[in-house]
Amino acid sequence: MPAALTVTPSAKSCVRFRRSVLVPLTAAVVLAAGTGGWYAVGGSGGSTNGPGGDGGPGEGVAPLARSLHLPWPREGQASVAVEGIGSLGTRGGQKPVPIASVTKVMTAYVILKDHPMRADAPGATVVADQRAADESYSSVETTAPVIAGREYTQRRLLELMMVPSGNNVARLLARWDAGDEKAFVTKMNRTAAGLGMRATTYTGVSGMETSTRSTAADQLALARAAMKDPAFRQIVATASVTAPGAGVTFRNTNKLLGHDGVIGLKTGSSTPAGGNLVWATRQKVAGADRLVLGVVLHQRAGTTPAEGSAAAHEASRALIAALRAELPTAANRA
């Protein structure tokens, strides 16, 4: 990908790109999931605030989790799991809540299921329609500029959807895949059911709709499935993306990326949803390089998107720092 560029005033005026009050954020994920299988993390478990809280119906946390002292967020909900080890717990009442642009993880997952791409491949060719172009200039949501009639690679559109969190691009991809957005949402819900995401309902493809709701445990299950796709990992690993023909480069806005082993994954925020962050790290545990996945949802809901996003980042940062400090020792004792 090209190096990140500073958008000049002339470039800004050229595309008249506007960010909305939603301020959905995106992160990056690099590297494939390491060796070892996943201990199943279930979908819609109830409130699990005690140290023995489970990660899903009928499922307990991995034994070593009981020797960890994780700083779980005091509000909202969270869930963490380690590849090859298992669930480290789910906290907060697992009541479905709005998830904002975290929705786009499922959008990308369904697109890649329907139109598989090899690693490093551009994928199919998609022609931007007039609606997507017109929506590029919305003042009420986050968008990415596309030009009507222009051909884009599937990979570039997925990057524009995930890096600057372009809602218009998410809808364009849905229409391209399923003919209309309603049909695509049906696919999203069918896929969620297949993954055991029993507490999740999708009503749109971008996260704009507050009626799209999920739980931390369900989103962790989705992240785990999506990370198995090499193309998905590459797309969400994108540090910056340039909109073809628009002269604007967007940088990944995850504040944790590149620190403490953080390699992704996807953020989103709005006033109703608060701050939400699905994150991924790589960590050496018991001699193996492990993928660690976590989800933090509904932080500072009802405040500004910026305040919610900051809270989600801070809660995630605290969890990641504790895991890096304690997980290797706990694993050696187990």
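In helix 7, the residues Ala 216, Ala 217, Asp 218, Gln 219, Leu 220, Ala 221, Leu 222, Ala 223, Arg 224, Ala 225 and Ala 226 are buried, where buried means under 20% relative accessible area, exposed over 50% and partly exposed in between, for a 1.4 Å probe and protein chains only. Helix 7 covers residues 216-226 and is mostly covered, with 11 of its 11 residues buried. The model is predicted, with local features requiring pLDDT of at least 70 and side-chain atom pairs counted only at pLDDT 80 or more, whereas totals for chains, interfaces and linings use all residues. Residues are numbered from 1 along each chain as its sequence is written, and side-chain values use heavy atoms, with hydrogens and water left out. Helices (H or I, at least four residues) and strands (E, at least two) are DSSP runs, numbered from the N terminus.

Helix 2 is also mostly covered, 10 of its 12 residues being buried. These are Thr 103, Lys 104, Val 105, Met 106, Thr 107, Ala 108, Tyr 109, Val 110, Ile 111 and Leu 112. The cover over the buried residues of helix 2 includes helix 4 (154-162), helix 5 (167-178), helix 6 (181-194), helix 7, helix 8 (230-236) and strand 9 (262-270), contact being defined as heavy atoms within 4.5 Å. The end C-alpha atoms of helix 2 (residues 103-114) lie 17 Å apart, which agrees with the 16 Å that its 12 residues should span at 1.5 Å a residue. The expected span is 1.5 Å times one less than the number of residues.

The structure holds 12 salt bridges, each defined as a side-chain nitrogen of Lys or Arg within 4 Å of a carboxyl oxygen of Asp or Glu. One of them joins Arg 175 to Asp 129, with the closest N and O atoms 3.0 Å apart. Arg 175 lies in helix 5 and Asp 129 in the loop between strand 4 (125-127) and helix 3 (130-134), so this pair ties together parts that are 46 residues apart in sequence. Arg 175 is buried, at a relative accessible area of 13%, while Asp 129 is partly exposed at 26%.

A salt bridge is also formed by the side chains of Glu 141 and Arg 171, at 2.6 Å from N to O. This pair links distant parts of the chain, 30 residues apart, with Glu 141 in the loop between helix 3 and strand 5 (151-153) and Arg 171 in helix 5. Glu 141 is buried at 7% relative accessibility, and Arg 171 is buried at 9%. A network of salt bridges links Asp 129, Arg 131, Glu 135, Glu 141, Arg 171, Arg 175 and Glu 181.

Five strands make up an open sheet in the order 2-1-11-10-9, with antiparallel pairing; two strands pair if DSSP finds at least two bridges between them. Strand 2 (86-91) and strand 9 stand at the edges with a single partner strand each, so one side of each is left without a neighbour in the sheet. Direction ignored, neighbouring strands of this sheet are turned by 10° against each other on average. For such angles, axes are lines fitted to C-alpha atoms, for helices over the stretch in contact, and angles run from 0 to 180 degrees between N-to-C directions.

Within the sheet, strand 10 (residues 274-285) and strand 11 (residues 288-299) run antiparallel and are joined by 10 bridges. Lys 284 has Asp 289 in strand 11 as its bridge partner. The side chain of Asp 289 also meets that of Arg 282 in a salt bridge, at 3.0 Å from N to O. Arg 282 is buried at 10% relative accessibility, and Asp 289 is partly exposed at 32% relative accessible area.
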